[in-house]
Amino acid sequence: MLIMDFSKAFDKVPHRCLLNKLESYGIDGSLGSWLKHWLTTRTQTVILDGEASSPVKVKSGVPQGTVLGPLMFLLYINDIGTNINHSRVKLFADDCLLYKIVNNKEDETELQDDLTKLQHWADKWQMSFNIKKCFLLSVRKKGHQITSQYKIYGKILEAVEHHPYLGVELQSNLKWDHHINQITGKANRSLAFLRRNLSRCPEQTKERAYVALVRPHVEFASAVWDPHLKKDIREVETIQRRAARFVKGVYKREDGIVTQLLKELGWSSLETRRRCHRMELLHVSLNGENSAITIPSYLKIPPHRYNTRSQATIINPATQGDIYKNSFFPRTITEYNRLPPDIRQIKTEATFKQALRTHFNYR
């Protein structure tokens, strides 16, 4: 997997090229004229020591901090993968991934060819990749050495064992300990900040502060990285146990005291919350309400073939190895099929979430 990063992405988009692309997408007439005026009538000024330079016309870049800016950038780079024949491209704003399964030298060559095509696209459309922020992350089995090297602008991409992508730290061994260490560190720092500043506040205020400012650190994208190892589960749960002491203002050391505090607060374990988040994501995708994940059609069981005993609605794929067994699909499908049939048969997202929370008694 090649992690690519555009150099000054939003600032480099040339207005002339962008307007040509908008026209090719059928955006013309009054709307096209409005967008042209919005893009090309901007000026910029440099202020130094209170002295301002003369205004200069801006010829490139989409205005950042605007609603239309990111959309214009996405429309500009939308065709980046048009000529990619052997690999897959994933785009999210200016984050770009290029990846494929590499089993032999031919696969390496094909991936390099597609990387070269990305470079050619960038050259053609007056964009560029920041070589210092482009990396190779190889997902491989334990003991399998990767010797592949890939070049862009004549320089070899640096190989890394882990790297952040959209807020989640990906690792070459598909484990989550590095990501968990990072998010629990952030959560602990936020919790320490609350303890310093809200120690005298009412319990309700402290609870709201925890829910708003601390818990999101350990729940962002948790459906993706939900750990199965006990040590990782304990490390994440430690955040909420410390938060319970903070909210209740109880710091004495006694056996079972934190468990009692959690019970009084009515907080479900973070593990239970992650389990529900995974099943919610699977359910909305299964019912066509969410395109975040794609469930292969061969895993879906036609209604007339439901098992009369379990009434399973989706087939669990065969697994080999703990890593795949505990990944999203096999793990979540198993848990989803164990839900009561009347819950799985709910179609609307909001109703399903409410039924799931009632079933697991969590908040």
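Which helices do the buried residues of helix 7 pack against? Let's work towards that in this predicted model, beginning with the helix itself. Helix 7 spans residues 203–213, and its buried residues are Lys206, Glu207, Ala209 and Tyr210. Looking down the axis of helix 7, you will find these buried residues within an arc of 160 degrees, so they line one face of the helix.

Now for the partners. The buried residues of helix 7 pack against helix 6 (177–198), helix 9 (230–248), helix 10 (257–265) and helix 11 (270–286).

Five strands form an open sheet with mixed pairing, in the order 6-7-1-8-11. Strand 6 (88–92) and strand 11 (158–160) are the edge strands, each pairing on one side only. On average, neighbouring strands of this sheet are turned by 25 degrees against each other, direction ignored.

Strand 8 (residues 135–137) runs parallel to strand 11, and three bridges join the two. As for individual residues, phenylalanine 135 has glutamate 158 as its bridge partner in strand 11.

Finally, look for a helix against the strands. Helix 5 (residues 105–124) lies across strand 1 (2–5) and strand 7 (95–99). Its direction is at about 150 degrees to strand 7.

Definitions and conventions: Residues are numbered from 1 along each chain as its sequence is written. This is a predicted model: local features need pLDDT of at least 70, side-chain atom pairs count only at pLDDT 80 or more; totals for chains, interfaces and linings use all residues. Side-chain values use heavy atoms; hydrogens and water are left out. Buried means under 20% relative accessible area, exposed over 50%, partly exposed in between (1.4 Å probe, protein chains only). Helices (H or I, at least four residues) and strands (E, at least two) are DSSP runs, numbered from the N terminus. The arc is that of the directions from the helix axis to the C-beta atoms. Contact means heavy atoms within 4.5 Å. Two strands pair if DSSP finds at least two bridges between them. Axes are lines fitted to C-alpha atoms, for helices over the stretch in contact, and angles run from 0 to 180 degrees between N-to-C directions.
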